[in-house]
Amino acid sequence: MTIPKSPAIPEKIQQAVQRDYERFAERGGPTILEDYLLEDYGLDISAEYAGLPLKNPWGKASGQLSMTARQVEEDVAAGMGFVALKSVIAEDPTGNQSMGAWAIQEARMVTERILGQSGETGWTVTWKGRGWWQSFDEYLKLIGDARRLASGSGTMIVPSCKYHLPSSEESEWRKEEYEYTTQKILEAWQSGDQSSTASSTPMALEKDFSPTLAGSDRASAQEKILEWLRVVPRLVREAVQGRPNGDIRIGLKMFNALFDDEFQLAMLKAIHAAGVDRPDFYVYANRLFAPDREFDGHKGVAFGGPDLSDRNLRVLDRFTEARNRSEVVEPPINFSATGNIATGRMAVEYALRGATSFQLHTYFQLPADQYSMKVGNRTQRALHELYFHPETGFIVWLFDTALRMGLPSKPLRFMDVARTTWQ
Ligand SMILES: Cc1cc2nc3c(=O)[nH]c(=O)nc-3n(C[C@H](O)[C@H](O)[C@H](O)COP(=O)(O)O)c2cc1C
């Protein structure tokens, strides 16, 4: 299903959104947005991440904006559905990191306009940093602090990790890195547990296959990449099997490899067909990689913008078609969308392909004049645009889509839109 250029919704709703967009820009939005949307608009925006319930589908994607307790605190205050923390580089008990080349500190980050091949413009962040560069203990402390800060708010905290991946010449997997790192992350996550019941909530964990990996020798062979996708979930699960509250949800944050769309499709098929080693969820899909582009004397940069969402949506469409032709017969795996989500409209595009949550990085890093809200922190300002913009916002597009699909409207549920693809 393609969505039109402008939303076609009842005049009354359009006017309400316009009014809210303007007044919330001046004085801030409602304290509990989910209640407000349910009562005033009849919209139920509950969502899912890793198969677990979320109060709303909006998440901070792993990166430079989820590295400190202060950043998490702002996201919790803004009412985000979840926060994926910056990716830590796995290590073994002696502190050895086989992926240590990814523990690079950022020197300079530039948020800039980017022109997509379609002629559409968007934003991208250019830099040469990679994963978490502080100590592992500091990362563990961040997990505990983040959980304490989020306690009682309904914002889910999700650690993220970059584990060892063997190159085509290697056959060995550094299992000790998987074991030690996963166990420590789980302990830290539990240490931040403030409620009496939360201990039974499973920990969701993202495994980052970053775009810079696409440009490295490790990702030069397709067979090896498919092996990674099949083996990683098992190694993470084995690391905490039998531990108290060791029920974790492992998600693969898929990358855009330097091969064609056909291979992206093969990656999606591979995780669905992995039997007991299927991931519990996946994130689709991290940024593109330009091997020849230079930044600050460094060759090869990751980028986002319209080309990223065009590619992701195209591949997800092909995957849906493959399912419709019964080339994929296994049940769908829950997924969270990432990639150039800068409007509610784009979020609905991903939801129409089955995404039950959205995770954004770039949109939270735009120059201040890109948000019309005059009060609140940056996350609040960004969310205000994403929800309430009268032409591109989530509310108008959710209504437009649900009405066109003839979905039940009392209330109108975001999850009904996200689930339609898979029925
Ligand atoms: C500066 C920067 C740092 C990032 N660091 C990570 C990271 O550590 N781990 C990860 O999984 N993704 C990382 N990402 C990818 C984002 O989480 C996100 O998935 C991607 O940028 C696509 O979303 P966007 O178009 O909203 O930025 C980073 C992205 C940027 C721009």
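In which helix is the place of Phe394? Phe394 sits in helix H12, which covers residues 394–405; helices here are DSSP runs of H or I with at least four residues, strands are runs of E with at least two, and both are numbered from the N terminus. The model is a predicted one, in which local features need pLDDT of at least 70 and side-chain atom pairs count only at pLDDT 80 or more, while totals for chains, interfaces and linings use all residues. Residue numbers start from 1 along each chain as its sequence is written.

Staying with Phe394 for a moment, this residue counts as buried because it has 29 C-beta neighbours inside 10 Å. The cut-offs are 20 or more other C-beta atoms within 10 Å for buried, 12 or fewer for exposed, and partly exposed in between, with C-beta atoms placed from the backbone. Leaving aside residues up to four places away in sequence, Phe394 touches Gly344, Ala347, Leu386 and Tyr387, where contact means C-beta atoms, placed from the backbone, within 7 Å. Gly344 is 50 residues from Phe394 in sequence, yet their C-alpha atoms are 3.7 Å apart.

Turning to the whole protein chain, 13 helices and 16 strands are found. The C-alpha trace spans about 60 × 45 × 45 Å along its principal axes. Of the 423 residues, 50% are buried. Among contacts between residues at least 6 apart in sequence, 74% join residues at least 24 apart.

Eight strands form a closed barrel in the order E4-E5-E8-E9-E10-E11-E14-E15, with parallel pairing, a pair requiring at least two DSSP bridges. Neighbouring strands of this sheet are turned by 30° against each other on average, direction ignored. Helix H5 (residues 175–191) lies across E8, E9 and E10 (248–253), at about 165° to E8. Axes are lines fitted to C-alpha atoms, for helices over the stretch in contact, and angles run from 0 to 180 degrees between N-to-C directions.

Finally, the ligand has 26 residues around it, of which Ala61, Gly63, Asp208, His361 and Thr362 come nearest; a residue is near if its C-beta atom, placed from the backbone, lies within 6 Å. This shell divides into eight nonpolar, 14 polar and four charged residues, with Ala, Val, Leu, Ile, Met, Phe, Trp, Tyr, Cys and Pro taken as nonpolar, Asp, Glu, Lys and Arg as charged, and the others, Gly among them, as polar.

Key:
Contact = placed C-beta atoms within 7 Å.
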